[in-house]
Amino acid sequence: MHPNCTYDLKTMNAYFAAWLRHCIPLCSLIFAGILFSQSAISQCTPPSMTFKNPTLISGTGGSVGAVYRFTDVIPGVDATIQVMALVGGAGLNQMDNTSQGYYDAWQPYVTAGGNATSYLDWKITFKRGGTMIDSLLPCLAITAVDIDGDNSRLREFIVASTPGAYAVDPFTYLTVGFDGVNSTATGQVYTVPSIDTAETQYMFQMNFNNVSTIYYRNGSISTKPTIDVRHTCIYFKSFFDTEVLLPLRIVSFTAKNAHTGITLDWTVADEKDVLHYTVQKSKDGTSWGDIGKVNAQQGVLKYSFVDPTESTGKIYYRLKQTATYGDESLSRMIGINNAGGSLKVTIPTVVANNNMAIELEASQKEVYHFAVYNSQGSVVRQRSYSVQAGINNLQLDVPAQSPSGIYMVAVRNTQGVVVSRTRILVQ
C-alpha cells in the first residue's frame, strides 16, 4: 500500500469482491477456451497429393540442376523437384511417365548404370501456389511403390532423410533400416508385375512432420554390364498405418526361416537404460503373447532369438523394450510366411522343349499352386496340383510361344504362402 493512501478494511474488501466478480468469469472463459482448443486438435492426417504435368522451370532437362514444377499438388500448394546428383551412370529419361502405374503419382523413367550402384538425388520443396515461397506441411507421407529388380542381376533401393518414422507391410520383401539420419529400403532381384499398389510387400512409406523440403534418393544395384531403364513410382499419400521405430535404438529387425525354427535378428544403436527385450508373437497381428526374453548386454549391438515354432502360414513378431526404470516401448511389427512341415520341391534349372518334370515331396496331403513368371514379372502359366504325402511327380510347361530366357517358378500352398521359388532358364 502506498504510504500516502489509507483504506479501511471494509473498502478493501469491496474492491476485492468487485475484482473477483469481473475476473473469475473472464479467467474461466479463457481457461475453457484453452481446454477446448487442445481437445479440438486432432492427429494430423497426411494429404493425398497429385503430381502431374511437370514443367521445367530452370536448368537443362534431365541434367543436374534442372528444376521441375508440379502445380496444385494439393489446393494452394505447388512442388518443385530439383535434380541434385546423377551418380554411377544414372540418368533421367523422362520426369513423369504415366504409360503404366498411377496418374496421380510421380513416376520418373530413370537409367540404372551397368556394373554399378547408381542413383539419382532429388530435392523436393513445397511452395505456396504460384510463388517460390516455401510452404510448411504439418505432416506428409511419401510411398515408394514397386521396389523390385529385373529377375536377374539388378535390384532397386530408396534412401530418404526422415525423422525415423516409416511403414511397411509386415511381410515385406524389402530390407529396411534407419541409421539415425536416413531411412532405407532395398528390394530383391525378383520383378513385380507392372506397378501395382496391391503389391504392398514391395512398398516403402516414409512419414514426415513439419517439413517444406525433403531430400530423396532412388537407385539400383546392378551386376550386369549393360544399362537398364527403370520405371519408378513415388506416391505422395499414405497406404499404411505409421510404424515408428524406437528412437535411435532398434535400427533393424528381421525374421527368417531356419532348420531350427524362425530366427529373429535385431540390431540396436543405443542401449542406455535398456533392461531387456521381450519377444512377442501373433497369428493375426492383433493378439500378442510373450515367447521369450533377451537381457540387454552393454556393448552388444546385435541380438538373435530362435522361435522353434511348428506354426504354419503367416506369423507376426515384435519386440517390447523395457527400460531399467520400468518404461516400455514396442518395435514395429514384422511378419514371415512359414510353410511348416517337411516339403521339398525339385525343379530343373534348365528347361528344354518348354516342359518341366517336377518332383514334390510332401509330408501331408495338400494343394499347391504353381505360377511361371517371365522376366517382366508377368504370369505366363498357372496350374494347381493336389498332392499326396510322399513323392509326387508333376509336369509343368512353359507356353510354346515363350521366348528363350530367364523365368521364375513360384509355388504357394493353400494359405497363399510361397514355399518355393526357383529361377529357370528356358532354352
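Is Cys233 buried or exposed? In this predicted model, Cys233 comes out as buried, at 2% relative accessibility; buried here stands for under 20% relative accessible area and exposed for over 50%, with partly exposed in between (1.4 Å probe, protein chains only). As the model is predicted, local features need pLDDT of at least 70 and side-chain atom pairs count only at pLDDT 80 or more, while totals for chains, interfaces and linings use all residues. Residues are numbered from 1 along each chain as its sequence is written, and side-chain values use heavy atoms, with hydrogens and water left out.

On to the cysteine link. Taking a disulfide as a pair of cysteine sulfur atoms within 2.5 Å, the count is 1 disulfide. The partners are Cys44 and Cys139, whose sulfur atoms sit 1.9 Å apart. This pair ties together distant parts of the chain, 95 residues apart: Cys44 lies in the loop between helix H1 (9–40) and strand S1 (55–58), and Cys139 in strand S7 (residues 137–145). Helices (H or I, at least four residues) and strands (E, at least two) are DSSP runs numbered from the N terminus. The link of Cys44 and Cys139 is left-handed, with -75 degrees about the S-S bond. Cys44 is partly exposed at 35% relative accessible area, whereas Cys139 is buried at 5%.

Then there is the surface. Val350, Ile406 and Leu425 make up a nonpolar patch with about 210 Å² of accessible area together (Shrake-Rupley method, 1.4 Å probe, and for residues only the protein chains shown count as cover). Patch members have over 30% relative accessible area and no salt bridge, with nonpolar side chains (Val, Leu, Ile, Met, Phe, Trp, Tyr) joined within 5 Å and like charges within 9 Å; a salt bridge is a side-chain nitrogen of Lys or Arg within 4 Å of a carboxyl oxygen of Asp or Glu. Leu425 belongs to strand S32 (residues 418–426) and is partly exposed, at 34% relative accessible area.
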